[in-house]
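This report goes through one protein model, from its aromatic contacts to its strands, core and surface. The sequence and coordinates come first.

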Amino acid sequence: MSRMRTSYFVAGILAAGMSACDIADPFRVLSDDRAVERVVVTPDTVTAAIRDTIELAAKPIGAGDREITEAVIVWSSGDPSLARSLGEGRFVVVARGTAEVFATTRGRRGSARIVVP
């Protein structure tokens, strides 16, 4: 019977941690005040020319619309043949078209659009 109680206890701990885990260490449970609910990328749309370097900013937002300041942002491009990530919110435009770019942290992702006419 003690095994059954232990199983329920472990399952409860795991379920509690699933909603707010650290991507770098998925077994470390974050407190609710550090959990990211959404990521806001600004500006949300940029019109650029080939060879331009674009700089974007990302703001992770937690409960109560509070900014989460210690979150690590990972930047990526949905189409590297149009816009390549240089890291830290910078992208270089390499071709015409529209590329969606992403800022990801703690399991949440925000996006912006780079348009090259």
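## Aromatic pair

One aromatic pair turns up when the whole structure is searched. Its members are Trp75 and Phe91, arranged edge-to-face, with 6.0 Å from centre to centre and 75° between the planes. Trp75 belongs to strand E5 (residues 74–77) and Phe91 to strand E7, so the pair links parts of the protein that are 16 residues apart in sequence. The structure is a predicted model, and these values are computed from it.

## Overall composition

The protein contains one helix and nine strands. Read from the N terminus, the order of elements is α-β-β-β-β-β-β-β-β-β. Of its 117 residues, 30% count as buried. The accessible surface amounts to about 7700 Å², and carbon and sulfur atoms account for 54% of this.

Contacts between residues at least 6 apart in sequence were also classed by separation: 49% of them join residues at least 24 apart.

## The sheet E3-E7-E6

Strands of a sheet pair through backbone hydrogen bonds, in either a parallel or an antiparallel sense. Here, three strands make up an open sheet with the order E3-E7-E6 and antiparallel pairing. Strand E3 (53–55) and strand E6 (83–87) are the edge strands, each pairing on one side only. On average, neighbouring strands of this sheet are turned by 30° against each other, ignoring direction.

E3 and strand E7 (residues 90–93) run antiparallel and are joined by three bridges. At one of the positions involved, Glu55 has Arg90 of E7 as its bridge partner.

## Nonpolar core and Ile54

In soluble globular proteins, nonpolar side chains tend to be buried together. The largest nonpolar core of this model has 20 residues, and those touching the most other members are Val41, Ile54, Leu56 and Ile114. Two or more core residues come from each of strand E1 (38–42), E7, strand E8 (97–105) and strand E9 (108–116).

What does Ile54 contact beyond its neighbours within four places in sequence? The list consists of Val46, Ala48, Gly89, Arg90, Phe91, Val93 and Ile114. Phe91 is thus listed here and is also a member of the aromatic pair.

For E1, the covered face carries Val39 and Val41, while Arg38, Val40 and Thr42 are on the uncovered one. E1 pairs with strand E4 (residues 57–61) over five bridges in the antiparallel sense. Val41 has Ala58 of E4 as its bridge partner.

Glu37 sits in the loop between helix H1 (2–18) and E1. Glu37 counts as partly exposed because its relative accessibility is 46%. Leaving aside neighbours within four places in sequence, Glu37 is in contact with Ile61, Gly62, Ala63 and Arg108. The C-alpha atoms of Glu37 and Thr105 are 10.0 Å apart, although 68 residues separate the two in sequence.

Conventions
Residues numbered from 1 in each chain as written. Predicted model: local features only at pLDDT ≥ 70, side-chain atom pairs only at ≥ 80, totals over all residues. Heavy atoms only, no water. Pairing = 2+ DSSP bridges. Helix = DSSP H or I, 4+ residues; strand = E, 2+ residues; numbered from the N terminus. Axes fitted to C-alpha atoms, helices over the stretch in contact; angles between N-to-C directions. Core = buried A, V, L, I, M, F, W, Y, C linked by side-chain atoms within 4.5 Å. Buried < 20%, exposed > 50% of the residue type's maximum accessible area, 1.4 Å probe, protein only. Contact = heavy atoms within 4.5 Å. Areas by Shrake-Rupley, 256 points an atom, 1.4 Å probe, with all protein chains shown as cover. Phe/Tyr/Trp six-rings, centres within 6.5 Å; stacked < 30°, edge-to-face > 60°.
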